[in-house]
Structures are given as C-alpha cells and as structure tokens.
Amino acid sequence: MLDKNYWENRYQNGETGWDAGRVTTPIKTFIESLTHKDQKILVPGAGNGHEYEYLIQQGFTNAYMLDIVLAPLQNAAARLPQVPAEHFIHGDFFSHTGAYDLIIEQTFFCAINPELRDAYVSQMHKLLQPGGILAGLMFCFPLTAEGPPFGGSIAEYEHRFSTLFNIKKMEPAYNSIKPRQDRELFVIFEKK
C-alpha cells in the first residue's frame with residue numbers, strides 16, 4: 001500500500017532515491033519562464049520541496065507545498081524560515097481543497113498507485129482555477145506492476161487528461177537530469 005505509513009517509513013529509513021537534492025533542470029527552466037509572481041501555486045507530493053524552494057527564491061510568495069508526510073515539509077520549512085507555516089500543507093492530495101492558478105507536477109503522478117490516476121486527473125481539475133495550468137514532469141516508460149515510480153506513456157496521458165484539459169505541450173524533456181534522461185515528458189495541461 002502506498003499510504004501515509006509507506007511514505008513515512010521511506011523517509012525514516014532514508015530511502016529517498018527519487019530526491020535529486022535540488023530543483024531539476026526542466027522545472028527550473030519552466031519556473032524561470034514565469035512572469036506573474038503573484039499567481040497562486042501548489043506543488044503537491046512535494047517531498048523535500050526543492051522545486052518549491054526554487055519558486056520562493058524566485059519571488060513567488062503565493063506558493064504552497066503539500067505532502068502526506070510531515071518530515072519533508074519540516075525539512076523545507078527549516079530551509080525557508082521566511083515562509084509562513086500555513087504554506088507547508090501536511091495532508092492528503094486527494095482531500096485537499098483550494099483554487100490555484102498553477103500546479104507543478106514533479107513526477108508525483110508516477111508515485112501514486114496507478115488505480116488512482118483518474119482520481120488524480122479529477123482532483124487536479126478541481127484544484128485549478130478556470131484556465132489554470134498543470135505543468136511539469138511525468139515519466140515516460142512502460143507501466144509495470146513494480147513501483148513506485150510507475151511508468152506511463154503519451155497515449156495514456158492523452159487519454160486520461162484530454163477530457164478535462166487542453167494539452168498545450170507534451171514532449172520529451174530535453175534537459176532532464178542524467179538519471180532520468182530519455183524517461184521524462186515535460187507537460188503543460190490547461191484546465192478546460
């Protein structure tokens with residue numbers, strides 16, 4: 001079960017091989033392209049929050065990070081003492097409420113049980129303002145029963161997202177970090 005206890009145990013045991021230790025290049029490049037510093041942003045399944053930290057460093061003060069595990073939120077809060085405590089949300093993505101202009105996806109989709117993928121799409125749609133954007137990285141390798149991470153494909157993402165989102169971009173990430181080269185798609189989905 002990929003529940004709260006599973007993820008808490010991974011952090012307690014130092015089993016965080018997914019953590020790049022810094023903002024990954026595709027997300028960094030995307031954040032640097034953003035011009036509206038006051039937009040409301042969510043980074044769900046944020047882990048230690050390197051992408052979130054980069055948003056704050058770039059002046060996005062209306063940004064929030066969400067994780068089901070408390071430890072990574074505490075890690076990020078310790079690195080960012082200037083950020084109000086309510087911007088570090090300890091909770092379940094699927095029961096979270098809010099209205100965001102932008103949600104940053106940093107391979108969170110691939111970390112959840114594949115049975116929850118349609119619920120993920122629906123929840124993303126609910127959390128975004130009209131015309132809001134879901135942007136970031138999704139893995140592109142065959143879906144297997146072994147994971148996380150669980151794979152996915154362009155065909156699957158088109159099938160799952162196209163009903164509720166306009167697919168603005170979905171292409172191989174040209175600037176992935178080395179361990180993820182040729183395994184990531186950079187996506188921009190706009191809420192219909």
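This is a predicted model: local features need pLDDT of at least 70, side-chain atom pairs count only at pLDDT 80 or more; totals for chains, interfaces and linings use all residues.
Strand β4, covering residues 100–106, pairs with strand β5, covering residues 128–139, in the parallel sense over six bridges. The chain passes from β4 to β5 by way of α5, and this β-α-β crossover is right-handed. Within the pairing, Leu102 is found opposite Ile133 of β5.

Strand β5 also pairs with strand β7 (residues 184–191), here in the antiparallel sense and over seven bridges. Ala135 has Ile188 of β7 as its bridge partner.

## Nonpolar cores

The largest nonpolar core contains 27 residues, and those that touch the most other members are Tyr52, Leu55, Phe88 and Ile104. At least two residues of this core come from each of α2, β1, α3, β2, α4, β4, β5 and β7. Helix α3 gives the most, with four residues.

Phe88 illustrates how such a member is surrounded. Leaving aside neighbours within four places in sequence, Phe88 is in contact with Tyr52, Met65, Leu73, Ala76, Ala77, Leu80 and Val83. Another core, of 24 residues, lies apart from the largest one and includes Tyr100, Met124, Leu127 and Phe189.

## Gln123 in helix α5

Gln123 belongs to helix α5, which spans residues 117–127.

The side chain of Gln123 reaches the backbone oxygen of Phe93 at 2.8 Å. Setting aside neighbours within four places in sequence, the contacts of Gln123 are Phe93, Phe94, Ser95 and His96.

How values were computed: Residues are numbered from 1 along each chain as its sequence is written. Side-chain values use heavy atoms; hydrogens and water are left out. A polar contact is a pair of N or O atoms within 3.5 Å; within protein, one must be able to donate a hydrogen and the other to accept it, and residues adjacent in sequence count only if both atoms are side-chain atoms. Contact means heavy atoms within 4.5 Å. Two strands pair if DSSP finds at least two bridges between them. A crossover is right-handed if, with the strands pointing away from the viewer, the path from the first strand over the helix to the second runs clockwise. A nonpolar core is a set of buried Ala, Val, Leu, Ile, Met, Phe, Trp, Tyr and Cys residues joined through side-chain atoms within 4.5 Å. Buried means under 20% relative accessible area, exposed over 50%, partly exposed in between (1.4 Å probe, protein chains only).
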